[in-house]
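Dear colleague,

I am passing on the structure below, with some notes for someone who has not seen it before. Please look through it first and then read on.

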Amino acid sequence: MVGFRPADVPPTAAVKFIGAGTAACIADLFTFPLDTAKVRLQIQGEEKGTAVRYRGVFGTITTIVRTEGARSLYNGLVAGLQRQMSFASVRIGLYDSVKSFYTKGSDHVGIGSRLLAGCTTGAMAVALAQPTDVVKVRFQAQASSSGPNRRYHGTMQAYKTIAKEEGMRGLWRGTGPNIARNAIVNCTELVTYDLIKDALLKNTPLTDDLPCHVTSAFGAGFCTTVIASPVDVVKTRYMNSALGQYSSALNCALAMVTKEGPLAFYKGFMPSFLRLGSWNVVMFVTYEQLKRAMMSARQNYGTPL
């Protein structure tokens, strides 16, 4: 492969796997406060008679900072980074490999193969990383307090407490809706990014570089938020619920409609979109650059990736 520019050298599966996890962690560091605001808005109104504390994405962030301190915006960050390193590495890093498997290496990749690959890697990622997602959501949902009112005081303590009080099944609470959500998210996010990027490269003067990546990522973020928001709200409510509060994810969804109406499925839409749109831009741009950098290092220095 001597003589190829780094952008022209096909990245290996290991490069994509490591690059996706690393890029996702970097994206989380930038967008985690928006994710925390989204979770707080999604669980608001779950109990009847409680006052409305949060209004809008920036109002929620302001309220959290004023009442709990700025550090509360990053509650659950450790579990969030653990989640991304295991989760994004699989669902994004293995997407191209699984897509090639379904097409048997053919250059022609149809929409069906893309959707099937997105569903497969999304389900695989959830099965592996679900406990980290449960702990992340529990931390983000709890308001900062000291003493006995605080459910969890540290990441490892949270894992142990959930396993002790709810059994190992507690760490996989909400796996069903999370698989549904991530099948939708993965299919919409990766396939839309794929399709928008292909369309831009074929029909516009843009090349496979920063402007193309930013446009594709932001478009994918908007489409994903619109389609996946209802399942995301149910997933958040169900994973954060006390033992026995809901008998199933479907029961949680029915309770939401009965108590709060169908618009409850789009609670936290704006922070969800801002978070996912900006997360996508940071993640995909970083991912594309990391792939090039690692392939350049492999080409120039003979690294084993």
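The notes below begin with the whole chain and end with one residue.

This is a predicted model, in which local features need pLDDT of at least 70 and side-chain atom pairs count only at pLDDT 80 or more, while totals for chains, interfaces and linings use all residues. Residues are numbered from 1 along each chain as its sequence is written, and side-chain values use heavy atoms, with hydrogens and water left out.

The protein chain has 11 helices and 0 strands, where helices are DSSP runs of H or I with at least four residues and strands are runs of E with at least two, numbered from the N terminus. Its radius of gyration, taken over C-alpha atoms, is 20 Å, close to the 19 Å that the globule rule (2.2 Å times the number of residues to the power 0.38) gives for 305 residues, so the chain is as compact as a globular protein of that length. Of these 305 residues, 51% count as buried, meaning under 20% relative accessible area with a 1.4 Å probe and protein chains only. Among contacts (heavy atoms within 4.5 Å) between residues at least 6 apart in sequence, 76% join residues at least 24 apart.

Leaving aside residues up to four places away in sequence, Gly80 touches Asp28, Phe32 and Lys136. The C-alpha atoms of Gly80 and Cys25 are separated by 8.1 Å, although these residues are 55 residues apart along the chain.

Terms used:
Buried means under 20% relative accessible area, exposed over 50%, partly exposed in between (1.4 Å probe, protein chains only).
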